[in-house]
Amino acid sequence: MSVTRINMIEFDNETVADARAAEYQKNARKQFPDADLLIAIRTSPTSAMTISVYPNEETAERALEMRAQRMDNEKDVSGWHMEGEISLFDLKQDHCLDGLSG
């Protein structure tokens with residue numbers, strides 16, 4: 001059973017948000033190598049949502065430990081998360097995400 005986690009993150013200011021977004025784009029795959037899917041969405045100048053999908057609960061729990069370590073080290077970031085199962089995943093086959101993949 002796949003596990004999907006949604007994280008909402010609020011940054012102290014736009015400069016911090018920009019830096020964290022760049023860092024996540026560069027390092028997310030290294031930090032969460034077992035994730036089947038990683039998506040980051042900038043929801044405002046100072047906030048972001050990330051969506052990650054893991055193949056099973058055990059893998060998702062390991063990633064949650066990594067997330068907790070990252071959040072504990074970030075003094076200018078706060079956030080929360082929730083998780084559940086995917087009930088629909090429909091990616092249009094002819095859609096191209098140019099410039100968005102790492």
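Okay, let's start with helix α1, and with what's tucked away in there: Val16, Ala17, Tyr24, Asn27 and Ala28 are buried in α1. Before I go on, keep in mind that this is a predicted model. As for that spacing, an α-helix has 3.6 residues a turn, so residues three or four places apart point the same way.

Let me stay with Ala17 for a moment. The helix it sits in, α1, covers residues 14-31.

At its start, Asn13 has a side-chain oxygen within 3.1 Å of the backbone nitrogen of Thr15. Further along, the helix has a kink of about 45°, and the kink is centred on Gln25.

Now zoom out. The protein chain has 2 helices and 4 strands, and reading from the N terminus the order is β-α-β-β-α-β. Of the 102 residues, 27% are buried. The accessible surface is about 7,100 Å², and carbon and sulfur atoms hold 53% of that.

Next, the nonpolar cores. The largest one has 8 residues: Val3, Tyr24, Ala28, Phe32, Ala35, Tyr54, Ala60 and Ala63. Which elements give two or more residues to this core? Those are α1 and α2, with α2 being 57-73. Then there's a second, separate core of 5 residues, and among them are Ile9, Phe11, Val16 and Ala48. You'll remember Val16 and Tyr24 from the buried set in α1; Val16 goes with the second core, while Tyr24 is in the largest one.

Last stop is Thr50, over in strand β3, residues 47-54. Buried or exposed? Thr50 has 9% relative accessibility, so it counts as buried. Which residues is Thr50 in contact with, leaving aside neighbours within four places in sequence? The list is Arg5, Ile6, Asn7, Ile9, Tyr24, Ile39 and Ala40. Two of those names have come up already: Tyr24 from the largest core and Ile9 from the second one.

That's my tour, folks.

Key. Residues numbered from 1 in each chain as written. Predicted model: local features only at pLDDT ≥ 70, side-chain atom pairs only at ≥ 80, totals over all residues. Heavy atoms only, no water. Buried < 20%, exposed > 50% of the residue type's maximum accessible area, 1.4 Å probe, protein only. Areas by Shrake-Rupley, 256 points an atom, 1.4 Å probe, with all protein chains shown as cover. Contact = heavy atoms within 4.5 Å. Core = buried A, V, L, I, M, F, W, Y, C linked by side-chain atoms within 4.5 Å. Bend = angle between axes of the 7 residues up to and from the residue. Polar contact = N/O pair within 3.5 Å; in protein donor to acceptor, adjacent residues only side chain to side chain.
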